[in-house]
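I opened the notebook to look up charged side-chain pairs.

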Amino acid sequence: MHKFESFLLENLPTSNSIHPTYEKALQEMLVAGGKRFRPALLLGVVKAFNPLMLDGARHAAYAVELLHTYSLIHDDLPAMDDSPLRRGKPTLHVVYDEVTAILTGDALNTYSFEVLSKAPFSDYTRIQLIKELASNGGLNGMVLGQAIDCYFENTPLSIEDVKVLHTNKTAKLIAASLKMGAIIVGQEKLGEKLYEFGIKLGLLFQIQDDILDVTQSSAEAGKLTGNDEDKNSFVTLIGLDETMREANTLADELEDELSNFDENLKKELSSLLTKYINRHRN
């Protein structure tokens, strides 16, 4: 991921605006780092099937990271989670103001599609990538999940409804990252299989976040923890022990599916996925 990090830093969004802090705000959360988990999934799939396409694929991975970063900025706003910390840094509405944070998120959202539109792929591939990112990050994906999460914040849901919530809010963008990698290398049939795997992976990712919210400090997590009491988290609804059992069951299923991947794909994804699949067990 070192080359992706370099690519990201060399291609930070810029502005010719007279605004004194707009450009810095655009770059702040991107420079702050993060797991880069979604770009790593996309690039891992590409490397498994056609390493020569990695340079071009970094544009798509960057687009995913831009969209993900916008979602974090908006998720932390006072109207949503009202969080003061993200990626170990003060959130944008704390550093600047709420208007700046909202507009920065808007800008990164739309810039992600500008980046994809200029990516060095065929027109067909670009359109498929734009479609995938938009459908999973937008009104029937991540945004829908956020809307459900906020609307039912003080209203307990069934565990099945919570899974629907987090499938949209978290899992679909993770699943899309895997599928986009498959689209780039012309493996669209495999992309459907990877998408289903990614939905399970994303759901596990959210269950683990709920566990870490009650087991880690804010400093350890790099974001505000202990903040889910009024939310429909797995721990709030079924308790920590049952949530751990849910996570273990899903992790075991994912490890089993991973073991049956194509050898090259398994080789490229195993080190990354094994780490994240088991992070709640550490």
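The model is predicted.

Entry one, the count. I looked up the salt bridges, and the structure holds 21.

I found arginine 126 in a salt bridge with aspartate 123, at 2.3 Å from N to O. Both residues lie in helix H7, which covers residues 123-137. They are 3 residues apart, about one turn of the helix. Is arginine 126 buried or exposed? Its relative accessible area is 18%, so I logged arginine 126 as buried. Aspartate 123 has 52% relative accessibility, so I logged this residue as exposed.

I noted a salt bridge between the side chains of glutamate 132 and lysine 179, 3.4 Å from N to O. This pair links distant parts of the chain, with glutamate 132 in helix H7 and lysine 179 in helix H9 (residues 159-184). The two are 47 residues apart. I logged both glutamate 132 and lysine 179 as buried.

I checked arginine 279 and aspartate 209, which form a salt bridge with their closest N and O atoms 2.8 Å apart. Arginine 279 lies in the segment after helix H13 (263-277), and aspartate 209 lies in helix H10 (residues 188-215), so the pair ties together parts 70 residues apart in sequence. Both arginine 279 and aspartate 209 are buried.

Entry five, a network. Which residues do salt bridges with shared partners join into one network? I listed Asp75, Asp76, Arg86, Asp149 and Lys169.

Notes
Residues are numbered from 1 along each chain as its sequence is written. This is a predicted model: local features need pLDDT of at least 70, side-chain atom pairs count only at pLDDT 80 or more; totals for chains, interfaces and linings use all residues. Side-chain values use heavy atoms; hydrogens and water are left out. A salt bridge is a side-chain nitrogen of Lys or Arg within 4 Å of a carboxyl oxygen of Asp or Glu. Helices (H or I, at least four residues) and strands (E, at least two) are DSSP runs, numbered from the N terminus. Buried means under 20% relative accessible area, exposed over 50%, partly exposed in between (1.4 Å probe, protein chains only).
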